[in-house]
Amino acid sequence: MIHTARMKEREDGPFSTSAAGDLPDDLFEKLDESDRQDNEEITRPSKSYWQDAWARFRKDPLAMIGLCVIIVMAVAAIFGPIFSEYTYDGQNLENGNHPPSAEHWFGTDKFGRDIFVRTLYGARISLLIGFVAAAINMVIGIIYGGISGYFGGRVDMLLMRIVDIMIGVPDLLYIILVMMFLGNSIQSILIALCLTSWIGTARIVRSQVVTLKHQEYALAARAIGSSNLRILFKHLIPNSIGPIIVTVTFLVPSAIFSEAFLSFLGIGIQVPIASWGTLVNDAIPTLFTQPYQMLFPALAISITMFALNFIGDGLRDALDPRLKK
Amino acid sequence: MGRYIVKRIVAGLITMFVLTTVTFFLMHAIPGGPFSPAEERKVPKQVLEKIEEKYGLNDPIPVQYVNYLKNLAQGDFGLSFKQRDVTVNEIIEQGFPVSAKVGSIAIVVALLVGIPLGITSAIKRGKWADWLAMIIATVGISIPSFVLSVLMLFLFAVVLKVLPTFGLTSWQHYILPVAGLSFGPIAYIARLMRSSMLEVMRYDYIRTARAKGVHELKVICKHALKNAIIPIVTYLGPLVAILLTGSFVIERIFSIPGIGRDFVTGISDRDYSVILGMTVFFGAFIVVANIIVDVLYAVIDRRVKMDE
């Protein structure tokens, strides 16, 4: 019964003046035209993705401290050695094994070389290697992962099988082998570090592209005739930039670690160039007599790694809140 | 299950083949042979030829490669170039038990410290215990193992003089190397355990267990831990690799006669046959460890799809 009644109501609906029409007019207030426009307007200024991320990043005290430490260290590494009267390889055998003093802040090693300047040079090498290696790995990872994820099918199969084979063994083994082949220099360390470190980035990019490529905007881009490469690099990659940057940020400390590790083993940077790894290694024989020779470079590595890891954690929370643990 | 295992073994064999091939050709492409006159003192040509014959170096490279693979299939890693009449097999046989002992203690310590640390941190979330655990985790992740080991060596052996420095003659000798090796893994396990525990504690079945009146300790140890521990199993594969590469520096710092130190000595001596043989051995060891861990993981967690 109720059912038929409703049907009837709906049937004559368009012709009646509807339920609201029966209400007296004085119950309604006339809408001012200017009011309506105000409501449409967004009161707060719009924030871009980066402004939003920066606002979140700024609220993380550890990440901000880390950022300041790295900036100070970079400035000191670039300009510090210029203002020092000592050079990283300037020997003064009469002044060897000198403990920290006003003249030599961190003391001198057995050849009388100033450890403060050598540590600053180590910062140059470490930061250079860290950031350059991360940048190169980002480019390789984006191209490799992007192609694998976007084209899918057999291409994806092949590329991912290659990756599976490569990650079967620890990357330090490959890095050591390539370093032995190329010889000890900064360039060969960079080449060695770029062999396998991009795999993590490539996997992140691939998984992002796989999920994004079926979104409407990708379809729309294809509909107006954009080429595959344009869709991939103009639409899909920029939309997955958050997770990419987070992954790449953690590549910086891992590259610095690998360089220090190799130099510590004697297959990284060669003497007389100072790297944090070689400085710590050189200080082991004198650990009992001149511990300060080991202490300062060791602190430098530790502080840098702390700072970079804090920045990485902060960036992860700021750029990609989903990953927050 | 059988298909999955076969698939993993085939992939492992391919990885090993690629690693062996790459290492072999890299080691033979390095300019200057192992017995080139520039390195050794003036050696008569006949003697040099004799030596090269002994090590099979006068054959063309492809022939040497096939011979190497043939010998490898029989478990023969070849002769050391630098240590007279010592085979790579002998070096591995002597060093491996030492490294394996230190390494397995480090695994046990990492699990026994890392897991409770992560659980405590998750349960006492936001309290001082959580802060302390996370500080330890951050230190362990940030500071490289060799820096930490040298610092500990300095603190405990030089300043406090409570622990011995070099060698492995008593149980006290194990403390510093094991601590140096396991600190990083402890930090990682604690972080992993914490986030996994926090996730599991939100599940309905935990609430059900609590509602039934199960003691909180039992809820954590029996109900939550069973699911929360699964990610730790996946970390065991990488853990073996980390301990292996970690042994390169730790065994050097503490003068432990293990395979890590032998490998580094091989590198500084440019002993190509030792580097080649040990790289293949390390690779095989890691590949086997990874296969075991993956199969174990699939057995423990039925939710894992076997064909992936």
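This is a predicted model: local features need pLDDT of at least 70, side-chain atom pairs count only at pLDDT 80 or more; totals for chains, interfaces and linings use all residues.

Me: How many residues of chain B are in contact with chain A?
Reply: Two residues are in contact here if their C-beta atoms lie within 7 Å. On the chain A side, 31 residues take part. On the chain B side, the number is 37.

Me: Which element gives the most residues to the side of chain B that touches chain A?
Reply: Several helices of chain B give two or more residues to this side, among them α5 (128-142), α6 (145-159) and α12 (272-300). α1 (2-29) is also one of these elements. With nine residues, the element that gives the most is α1(B).

Me: How many charged residues does the side of chain B that touches chain A have?
Reply: The residues on this side are divided by class, with 27 nonpolar. Another 10 are polar. The number of charged residues is none: no charged.

Me: Where in chain A does Pro291(A) lie, and which residues does Pro291(A) contact beyond its neighbours within four places in sequence?
Reply: Pro291(A) is in the loop between α14 (276-283) and α15 of chain A. Leaving aside neighbours within four places in sequence, its contacts are in chain B. They are Phe154(B) and Val158(B).

Me: Is Pro291(A) buried, exposed or partly exposed?
Reply: A residue needs 20 or more C-beta neighbours within 10 Å to be buried, and 12 or fewer to be exposed. Pro291(A) has 19 inside 10 Å, so Pro291(A) counts as partly exposed.

Me: What is the orientation of α4(A) relative to α15(A)?
Reply: The angle between α4 (residues 49-58) and α15 (residues 292-319) of chain A is about 135°, and the axes are 8 Å apart. Angles over 145 degrees would count as roughly antiparallel, and 65 to 115 as roughly perpendicular. The two helices, α4(A) and α15(A), are therefore oblique.

Me: Which residues of α4(A) meet α15(A)?
Reply: α4(A) passes α15(A) in a right-handed crossing. The α15(A) side of the contact consists of Gly314(A), Leu315(A), Asp317(A), Ala318(A) and Leu319(A). By class, the contact has five nonpolar, one polar and two charged residues. From α4(A), the residues are Ala53(A), Arg56(A) and Phe57(A).

Me: What is the handedness of the crossing of α4(B) with α5(B)?
Reply: α4 (residues 88-123) of chain B packs with α5(B) at about 140°, with axes 8 Å apart. These helices are therefore oblique to each other. In passing α5(B), the crossing made by α4(B) is left-handed.

Me: How far apart are the end C-alpha atoms of residues 96-297 of chain B?
Reply: UniProt lists this span as "domain: ABC transmembrane type-1" in an unreviewed entry. The chain there is 84% helix and 0% strand. Its end C-alpha atoms are apart by 26 Å.

Methods
Residues are numbered from 1 along each chain as its sequence is written. Chains are lettered from A and ligands numbered from 1 in the order in which they are written. UniProt positions are given in the numbering used here, feature names are shortened, and annotations may be inferred rather than shown by experiment. Ala, Val, Leu, Ile, Met, Phe, Trp, Tyr, Cys and Pro count as nonpolar, Asp, Glu, Lys and Arg as charged, and the others, Gly among them, as polar. Axes are lines fitted to C-alpha atoms, for helices over the stretch in contact, and angles run from 0 to 180 degrees between N-to-C directions. Angles under 35 degrees count as roughly parallel, over 145 as roughly antiparallel, 65 to 115 as roughly perpendicular and the rest as oblique. A crossing is left-handed if the near helix is turned anticlockwise from the far one by less than a right angle, and right-handed if clockwise.
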